[in-house]
Amino acid sequence: MMGKTLDIAKIRKDFPLLETKVYGKDLVYLDNGATTQKPFAVLEALDAYYKDYNSNVHRGVHILSQKATSAYEESRKKVAAYINAAHSYEVIYTKGTTDAINLVASTFGRKYLKEGDSILISAMEHHSNIVPWQMICEERGATLKVIPMDKEGVLQLDLLPSLLDERVKLVSFTYVSNSLGTVNPVREIIRQAHARNIPVMIDAAQAVQHFPIDVQELDVDFMAFSGHKLYGPTGIGVLYGKEKWLNDLPPYQGGGDMIKTVTFEKTIYNELPYKFEAGTPDISGAIGLGVAIDYVNSIGLENIQAAEQQLVTYALAKLAEIEGIRFIGNAPERSSAISFLLEGIHPYDLGELLDKQGIAIRTGHHCTEPVMDFFEIPGTCRASFAFYNTTAEVDVLVAGIKRAAAILI
Ligand code: PLP
């Protein structure tokens with residue numbers, strides 16, 4: 001993968017929080033899988049919205065409302081272009097990935113799931129791509145089936161044909177595992193599912209910020225992601241859905257904006273995308289997300305991908321030199337999360353000692369308890385990288401782990 005070498009020192013100046021000191025030490029922020037830091041451009045856009053044109057959308061003829069509506073809708077176009085959706089009305093704003101998956105589980109489930117049917121997910125899903133399906137399956141008398149993985153954290157695709165039987169009504173799986181770093185073979189899974197006329201949903205929460213995704217080329221039916229993991233604000237996310245599916249499914253929530261006309265006898269629902277956006281949306285969040293996408297585009301997603309791959313390769317090699325380290329997840333295709341354990345040390349203890357050295361990593365089950373059960377571990381330590389991280393920070397992490405190990409063992 002070729003990419004232009006990025007001027008990381010210059011880029012880091014765009015992110016005020018990266019300048020922070022914790023416990024008097026330079027912050028080393030390696031918890032980007034949980035959420036990313038925000039560039040000035042995004043913070044300024046939020047500020048400008050509230051200071052200069054705070055107003056509700058789609059409701060007023062007055063100038064402020066027009067301005068807010070236009071910024072909100074322009075942002076939708078940016079999101080659509082970012083994932084190459086055929087139409088901007090195929091982009092539904094949600095609260096985040098979790099909300100987007102719940103939307104599909106609820107609406108698709110209500111319309112299409114009946115007793116004896118099943119939903120197929122994978123063994124490495126985040127809880128947000130398990131529980132919503134479990135809930136609707138329980139309600140409809142359907143079952144949840146799982147594509148297993150092996151000890152490297154790779155899905156066992158040889159089992160897919162037998163899992164994709166006529167009872168499966170939808171396949172939903174993660175593009176990139178947040179706890180293992182595995183990049184899943186989306187094209188192959190979609191190909192096999194579509195060959196049996198089964199629609200596919202992708203959880204792209206750990207993917208859209210790391211490499212280009214073209215929903216038309218993938219031919220995916222639904223895709224979810226969160227703004228806050230893409231350098232945008234919290235509280236905003238996206239559901240992409242093919243027009244035919246979004247027109248076909250019933251609304252998720254009822255309320256303002258999602259209607260054309262209302263009488264006590266009957267409501268006529270609004271057209272896309274508003275049919276799925278009941279109530280006042282996260283206007284500033286949507287605008288901020290659009291600006292985050294502008295920012296990412298200004299750096300170039302291919303350049304980001306190349307820089308992050310280099311960083312992860314470096315980190316894997318450096319971490320491997322630590323005595324007693326065990327990586328959880330060794331897939332050949334991987335993205336920027338590295339999960340590991342140190343022999344004889346509980347991940348929480350290591351996380352705490354790293355924190356005291358100014359190093360922010362994530363410890364625990366990462367909302368993937370079935371993954372931890374599979375590996376028979378209580379949790380992992382996870383370092384997750386963004387393009388603004390440096391090899392010097394990796395060195396600080398490695399030295400920090402060694403220092404912690406010397407104390408704990
Ligand atoms: N799916 C994956 C793979 C994730 O990593 C996350 C968050 O960590 C989510 C879903 C849930 O995202 P959110 O909490 O933003 O809805």
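1. For what follows, rings of Phe, Tyr and Trp (its six-membered ring) are taken to pair if their centres lie within 6.5 Å. In this predicted model, such ring pairs link Phe15, Tyr231, Tyr295, Phe387 and Tyr388 into a cluster. The structure holds 16 aromatic pairs.

2. One of the pairs is formed by Phe15 and Tyr295, whose ring centres are 5.5 Å apart and whose planes stand at 85°, so the arrangement is edge-to-face. Phe15 belongs to the loop between helix H1 (8-12) and strand E1 (21-22), while Tyr295 belongs to helix H10 (residues 283-299), so this pair ties together parts that are 280 residues apart in sequence. Phe15 counts as buried because its relative accessibility is 0%, and Tyr295, at 8% relative accessibility, counts as buried as well.

3. A second pair to look at is that of Phe108 and Tyr112, with ring centres 5.1 Å apart and planes at 40°, so that the pair is tilted. Phe108 and Tyr112 are 4 residues apart in helix H4, and therefore about one helical turn separates them. Are these two residues buried or exposed? Phe108 counts as buried, with a relative accessibility of 2%, whereas Tyr112 is partly exposed, with a relative accessible area of 29%.

4. An aromatic ring also meets a charge: the charged end of Lys151 sits over the ring of Phe374, at 4.4 Å from the centre of that ring.

5. Turning to the sheet, 7 strands form an open sheet in the order E4-E10-E9-E8-E7-E5-E6, and their pairing is mixed. Strand E4 (91-94) and strand E6 (143-147) stand at the edges and have a single partner strand each, which means that one side of each is left without a neighbour in the sheet. From one strand to the next, the twist averages 20°.

6. Within this sheet, strand E5 (residues 118-122) and E6 run parallel and are joined by 5 bridges. Ile121 has Val146 in E6 as its bridge partner.

7. Which strands does helix H4 touch? Helix H4 (residues 97-112) packs on the sheet and touches E4, strand E7 (168-174), strand E8 (200-203), strand E9 (222-226) and strand E10 (237-241), and its direction makes about 155° with that of E9. Helix H7 (residues 186-195) packs on the sheet too, where it touches E7 and E8, and the direction of H7 makes about 160° with that of E8.

Note on methods: Residues are numbered from 1 along each chain as its sequence is written. This is a predicted model: local features need pLDDT of at least 70, side-chain atom pairs count only at pLDDT 80 or more; totals for chains, interfaces and linings use all residues. Side-chain values use heavy atoms; hydrogens and water are left out. Two strands pair if DSSP finds at least two bridges between them. Helices (H or I, at least four residues) and strands (E, at least two) are DSSP runs, numbered from the N terminus. Axes are lines fitted to C-alpha atoms, for helices over the stretch in contact, and angles run from 0 to 180 degrees between N-to-C directions. Contact means heavy atoms within 4.5 Å. Rings of Phe, Tyr and Trp (its six-membered ring) pair if their centres lie within 6.5 Å; planes under 30 degrees apart count as stacked, over 60 as edge-to-face and the rest as tilted. Buried means under 20% relative accessible area, exposed over 50%, partly exposed in between (1.4 Å probe, protein chains only). A charge sits over a ring if NZ of Lys or CZ of Arg is within 6 Å of the ring centre and within 35 degrees of the ring normal.
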